[in-house]
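The sequence and the structure come before the details.

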Amino acid sequence: VMNVLGDLTIDGHLRLEDNGLTTVTALELDGAVNYHGAGTFETTNNLQNRILGKVGASLTINDNLNVTGINGAHGGLQISGFDVTNNASIVADNARIRIGEATYANDAGTFSAINNSDIELDTGITINGGHLMSDATSRFVALGGSGIVLDDVSLDAGSEFVIAGNTSVDL
């Protein structure tokens, strides 16, 4: 676990490589963090790669947050436990991103899933505003459970949104 305080700027590649078992590889936000940069989070295909937050943590995304797999493999990243203000895009590119247990102020932002990607919305998530976009090979999935709220969110033409069994989504 690496603690992040203040600003986080990534213009290159930040790799999160868990061992595929139960070990968590994580960035843990401590307080208000502002993300900047044109870089990429490269991850192994496991949701043990995480961006977590301590009590009271928040993340403001000012530039695109790109998540992809390492060396062309499918990537995975879990984002939960803090509030997010998305002023740009959260992009899954050949990756799976699971987001939950937070409020996403997404008025100026976009969630994008491209190149065989899934963005999974987990229990306890609220997305206020913005766009959900996916290409023909990708989708958004509302996972089992309740407490998923989409408020003033648009699903762009051609995008796929799947509601899994026993799931409650408030629109």
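## Strand pairing and packing

Leaving aside residues up to four places away in sequence, E120 touches L47, R96, I97, R98, I99, V141 and L143, where contact means heavy atoms within 4.5 Å. The model is predicted: local features need pLDDT of at least 70 and side-chain atom pairs count only at pLDDT 80 or more, whereas totals for chains, interfaces and linings use all residues. Residues are numbered from 1 along each chain as its sequence is written, and side-chain values use heavy atoms, with hydrogens and water left out.

E120 is part of strand β16, residues 118-121. Helices (H or I, at least four residues) and strands (E, at least two) are DSSP runs, numbered from the N terminus. E120 counts as buried because its relative accessibility is 7%; buried means under 20% relative accessible area, exposed over 50%, and partly exposed in between (1.4 Å probe, protein chains only).

| Strand | Partner strand | Bridges |
|---|---|---|
| β9 (residues 65-69) | β12 (residues 89-93) | four bridges |
| β10 (residues 75-80) | β13 | six bridges |
| β13 | β16 | four bridges |
| β17 (residues 125-128) | β20 (residues 145-151) | three bridges |
| β20 | β23 (residues 167-170) | three bridges |

Individual bridge positions can be located in these pairs. N66 stands opposite V91 in β12. G76 has R96 in β13 as its bridge partner, while I97 stands opposite I119 in β16.

Seven strands make up an open sheet with parallel pairing, in the order β3-β6-β9-β12-β15-β18-β21. Its edge strands, β3 (13-16) and β21 (154-155), each pair on one side only.

Which residues have the most contacts inside the largest nonpolar core? They are F41, I79, I99, Y104, F111 and I119, in a core of 39 residues. Strand β13 (residues 95-100) gives the most to this core, with three residues. A nonpolar core is a set of buried Ala, Val, Leu, Ile, Met, Phe, Trp, Tyr and Cys residues joined through side-chain atoms within 4.5 Å.

F41 touches I10, L14, L16, L27, Y35, I51, L65, N66, V67 and T68, again not counting residues up to four places away in sequence.

Conventions
Two strands pair if DSSP finds at least two bridges between them.
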